[in-house]
Amino acid sequence: QVQLVESGGGLVQSAGSLRLSCAASGSIRSINDMGWYRQAPGKQRELVAAITSGGSSNYADSVKGRFTISRDNAKHTVYLQMNSLKPEDTAGYYCHAYVISWSNGGYYYWGQGTQVTVSS
């Protein structure tokens, strides 16, 4: 069974920084794309940033220049460094990954989410 576990959320003041981590565990053969989504109350879940196994990344326009996604393939972990945070970044942040396991092939998985709250 594959699990994604996020950490690093919390309460921060506007212009502050946070670093989110998401570690995949289980019978993992390989992980393709990994990414971060967020969902604010009353809004749809949206892609924040994604990164391929080769390190190519893309970002939502709203976070370009402020957020940086990275990954450690050996640790099956993806990170999201968030700088210059704004109140509108407040949301639940969810890790997402395409994981190929030894036991049952490839599937997309979601983490349980971590809350980020930015105060003005």
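Colleague: Why is the disulfide of cysteine 22 and cysteine 95 called left-handed?

Modeller: In this predicted model, the torsion about the S-S bond of cysteine 22 and cysteine 95 is about -80°, and the disulfide is therefore left-handed.

Colleague: How do you know that cysteine 22 and cysteine 95 are joined by a disulfide?

Modeller: A pair of cysteine sulfur atoms counts as a disulfide within 2.5 Å, and the S to S distance from cysteine 22 to cysteine 95 is 2.1 Å, so the pair meets that cut-off. The structure holds 1 disulfide. Cysteine 22 belongs to strand 3, residues 18-25, and cysteine 95 to strand 9, residues 91-101, which means that the pair ties together parts 73 residues apart in sequence.

Colleague: What makes cysteine 22 count as buried?

Modeller: The term buried applies under 20% relative accessible area, and cysteine 22 has a value of 0%, so cysteine 22 is buried. Cysteine 95 is buried as well, with a relative accessible area of 0%.

Colleague: How do you know whether glutamine 81 is buried, exposed or partly exposed?

Modeller: Glutamine 81, which is found in strand 8, has a relative accessible area of 27%; buried would require a value under 20% and exposed a value over 50%, so glutamine 81 is partly exposed. Leaving aside residues up to four places away in sequence, glutamine 81 touches Ser17, Leu18, Arg19, Arg66, Phe67 and Thr68. Glutamine 81 and serine 21 are 60 residues apart in sequence, yet their C-alpha atoms are 8.8 Å apart in space.

Colleague: What makes strand 7 and strand 8 a pair?

Modeller: Two strands pair if at least two bridges are found between them, and strand 7 and strand 8, residues 77-82, have 6 bridges in the antiparallel sense, so they count as a pair. Within that pairing, threonine 68 has glutamine 81 in strand 8 as its bridge partner.

Colleague: Why are strand 1 and strand 7 described as standing at the edges?

Modeller: The open sheet is formed by 4 strands in the order 1-3-8-7, with antiparallel pairing. Strand 1 (3-7) and strand 7 (67-72) each have a single partner strand, so one side of each is left without a neighbour in the sheet. On average, and with direction ignored, neighbouring strands of this sheet are turned by 15° against each other.

Colleague: How do you know that strand 4 pairs with strand 9 and with strand 5?

Modeller: The requirement is at least two bridges; strand 4, residues 28-39, is joined to strand 9 by 9 bridges and to strand 5, residues 46-51, by 5 bridges, so both count as pairs. Strand 4 runs antiparallel to strand 9 and antiparallel to strand 5. Tyrosine 37 stands opposite tyrosine 94 in strand 9, while tryptophan 36 stands opposite alanine 49 in strand 5. The hairpin of strand 4 and strand 5 has 6 residues between the strands, and there glycine 42 takes a positive phi near 80°.

Colleague: What makes alanine 15 count as exposed, and where does alanine 15 lie?

Modeller: Exposed means over 50% relative accessible area, and alanine 15 is at 60%, so alanine 15 counts as exposed. Alanine 15 lies in the loop between strand 2 (10-13) and strand 3, and has a positive phi of about 80° although it is not a glycine.

Colleague: Why is the chain called as compact as a globular protein of its length?

Modeller: The chain has 0 helices and 11 strands. The radius of gyration of the chain is 14 Å, close to the 14 Å that the globule rule gives for 120 residues, so the chain is as compact as a globular protein of that length. Of the 120 residues, 40% count as buried. Among the contacts with a separation of 6 or more, 55% come from residues 24 or more positions apart.

Conventions:
Residues are numbered from 1 along each chain as its sequence is written. This is a predicted model: local features need pLDDT of at least 70, side-chain atom pairs count only at pLDDT 80 or more; totals for chains, interfaces and linings use all residues. Side-chain values use heavy atoms; hydrogens and water are left out. Helices (H or I, at least four residues) and strands (E, at least two) are DSSP runs, numbered from the N terminus. Axes are lines fitted to C-alpha atoms, for helices over the stretch in contact, and angles run from 0 to 180 degrees between N-to-C directions. Buried means under 20% relative accessible area, exposed over 50%, partly exposed in between (1.4 Å probe, protein chains only). The radius of gyration is taken over C-alpha atoms; the globule rule is 2.2 Å times the number of residues to the power 0.38. Contact means heavy atoms within 4.5 Å.
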